[in-house]
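Here is a friendly walk through one protein model, meant for someone opening it for the first time. Keep the viewer handy and follow along.

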Amino acid sequence: MLFNSYEFLFLFFPLVLAGYGLIKRIGQSALREPYQVKGANGFLLAASLVFYGWTSLSHMPVLLGSMAVNYGLFRLMGKQERKKAALAAGLILNLGALICFKYLGGGFLPLGISFFTFTQIAFLVESYGGNLQKADPLSYGLYVSFFPKIMQGPIALPKEMFPQFEKRDKTVSWERIYRSFYLFILGLSKKVLLADTFGKAVDFGYTNLQALNTGDGIIVMLSYTLQLYFDFSGYCDMAMGIAGMLGFELPVNFDSPYKADNIIEFWKRWHITLTRFFTKYLYIPLGGNRKGRARTYLNCLLVFLVSGIWHGVGWQFIVWGLMHGVCYVFTRIWQDSDIIRAGNRTEKRAKKETEDRGFWEPLGRGFRVLLTFLYVNVAWIFFRASSVKEAAALIKRIGSFQLSRFSWDLAGCFNLDEFWYVIKVLRLDRWQNAHYILMVLLVAGGLLLVFCGKSALNVAGRAKPSVINSGIMAVLLVWSILSFSGVSSFLYVNF
């Protein structure tokens, strides 16, 4: 089941929201507090399993089996002499299952397997480290399968979710519900109105690579960069909004990554919880930065290589991972050398250089943001392509310098009926280049939102009930629902 679907919006979530509220109200009046919590957790766990099994019941045994095995290993950790053995078995079984399904499964890939596997690895490691002393079966099952996050994350740590599962607010915050619903609608409109529109152009471009000229290639490249941005950030917004309406808070997973001025900052903003997972459970165990600079740089490179392999099968994902890894290492080397140079400066000289930077810094940062954005764009080509050869073909088309008119069919991917109607009303359709207006406006508008717009979380967090805000919500919600005919799955759902 997708968040951007009729069955979720008009059936599943309204029933869950109403049922959850009813369960809490009955529990508060008829049950003692521990049983109130268990009843609420049991209801949400059942709802989460229905949500997961809605798309394909064949995936359900994998999820339930994984949960049962990992919870059993957690119980074994209660005995000191079995702690290490239980952790080792958990790591082997979880990573083994992930590798088998992703790379040896013959096309059978359970939905969200990476996310619920990583969630359970985090659970076992944190339990082994003494950061989690107890977890009842209901809380554990809900931690793993909580429906707002099971498909694409965020990868929440036990300390972020278990305290919320163990205690409930007894009063309903209508302001929180309003802001969470606002956030959900913003995320829904990002996905349905923007990401899916850019996706049509991307699919056309990769299907007709040999017919593209330089301008077409650039539009296809930018379209995928924007599609992935609005698709993933839209999901994150919707997940946080859904959880917020139920009274829970998910960790932030996305923070305007294209505003980063270097690749290190980019990975502090893109898929934040995945970066945290690899840092905490791979980079640090490899030695982190404790064994000298050369080892630090090698560890960084290994993390990105693993990240590339995790994202998909094929050399193109390895190339994508290494592109980010190499750029990350060079940026780290540059930053380390800056620290050394700063340590060797006199106080007077450092003050003068700081004053000089104060004048040029905005321009310098803007230039660095642009370079980082362009580099990420090229790397995304390998991420989207079905092979290194296909990625090279698009890069070749961009570099061919064939500066002819944009493809008529490519531009047509952007001509949504509702926008085209406005163009007709304004009588702009009589212009010979009218067919290209929406392509230019949507790409330029997408870039403007990426670089200049505030995050949806920030906008929704400050929203207050008003006629204007409610009107915006209504328009975006209705517009998104009317656009469900072109619905597509989320890009990260099969990772």
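**Ground rules**

This is a predicted model, so to speak of local features a pLDDT of at least 70 is needed, side-chain atom pairs count only at pLDDT 80 or more, and totals for chains, interfaces and linings use all residues. Residues are numbered from 1 along each chain as its sequence is written, and side-chain values use heavy atoms, with hydrogens and water left out.

**Salt bridges**

Side chains of opposite charge can pair when their charged atoms come close. Here a salt bridge means a side-chain nitrogen of Lys or Arg within 4 Å of a carboxyl oxygen of Asp or Glu. How many salt bridges does this rule give? The count comes to 11. Three of them are set out below.

| Salt bridge | N to O distance |
|---|---|
| Lys280 and Glu126 | 3.7 Å |
| Arg269 and Glu265 | 3.0 Å |
| Glu265 and Arg365 | 3.7 Å |

Take Lys280 and Glu126, whose salt bridge has its closest N and O atoms 3.7 Å apart. Lys280 sits in helix H11 (residues 272-283) and Glu126 in helix H5 (residues 113-128), so this pair ties together parts that are 154 residues apart in sequence. A word on helices: they are DSSP runs of H or I with at least four residues, numbered from the N terminus. As for accessibility, buried means under 20% relative accessible area, exposed means over 50%, and partly exposed is in between, using a 1.4 Å probe and protein chains only. On that scale Lys280 is partly exposed at 33%, while Glu126 is buried at 8%.

Now for Arg269 and Glu265, which meet at 3.0 Å, N to O. They are four residues apart in helix H10 (residues 263-269), about one helical turn. Arg269 is buried, with a relative accessibility of 17%, and Glu265 is buried with a value of 17%.

Glu265 also pairs with Arg365, at 3.7 Å from N to O. Glu265 belongs to H10 and Arg365 to helix H14 (residues 347-384), so the bridge links parts that are 100 residues apart in sequence. Arg365 itself is partly exposed, at 29%. Through shared partners, salt bridges join Asp261, Glu265, Arg269, Arg365 and Arg368 into one network.

**How H11 meets H12**

Back to H11, the helix that holds Lys280. Its axis and that of helix H12 (residues 293-311) come within 11 Å and cross at roughly 125°. Axes here are lines fitted to C-alpha atoms, for helices over the stretch in contact, and angles run from 0 to 180 degrees between N-to-C directions. Angles under 35 degrees count as roughly parallel, over 145 as roughly antiparallel, 65 to 115 as roughly perpendicular and the rest as oblique; H11 and H12 are therefore oblique to each other.

Which residues meet there? From H11 come Leu274, Phe278, Leu282 and Tyr283, and among their H12 partners are Cys300, Val303, Val306 and Trp310. The residues of this contact, with contact meaning heavy atoms within 4.5 Å, divide into eight nonpolar, four polar and no charged. In that sorting, Ala, Val, Leu, Ile, Met, Phe, Trp, Tyr, Cys and Pro are nonpolar, Asp, Glu, Lys and Arg are charged, and the others, Gly among them, are polar.

**Two buried residues**

Is Tyr143 buried or exposed? Tyr143 is buried, with a relative accessible area of 0%, and it is found in helix H6 (residues 137-145). Leaving aside neighbours within four places in sequence, its contacts include Thr119, Phe123, Pro158 and Phe165.

Asn253 is in the loop between helix H9 (214-245) and H10, and is buried at 2%. Not counting residues up to four places away in sequence, Asn253 touches Pro154, Arg269, His271 and Leu274, among others.

**Backbone details**

Pro154, one of the residues that Asn253 touches, is joined to Gly153 by a cis peptide bond with omega about 10°. Pro154 is in the loop between H6 and helix H7 (158-166).

His271, another residue touched by Asn253, has a phi near 45°, a positive value in a residue other than glycine. His271 lies in the loop between H10 and H11 and is buried at 0%. Phe401 also has a positive phi, near 55°. Phe401 sits in the loop between helix H15 (388-398) and helix H16 (408-412), and is exposed at 65%.
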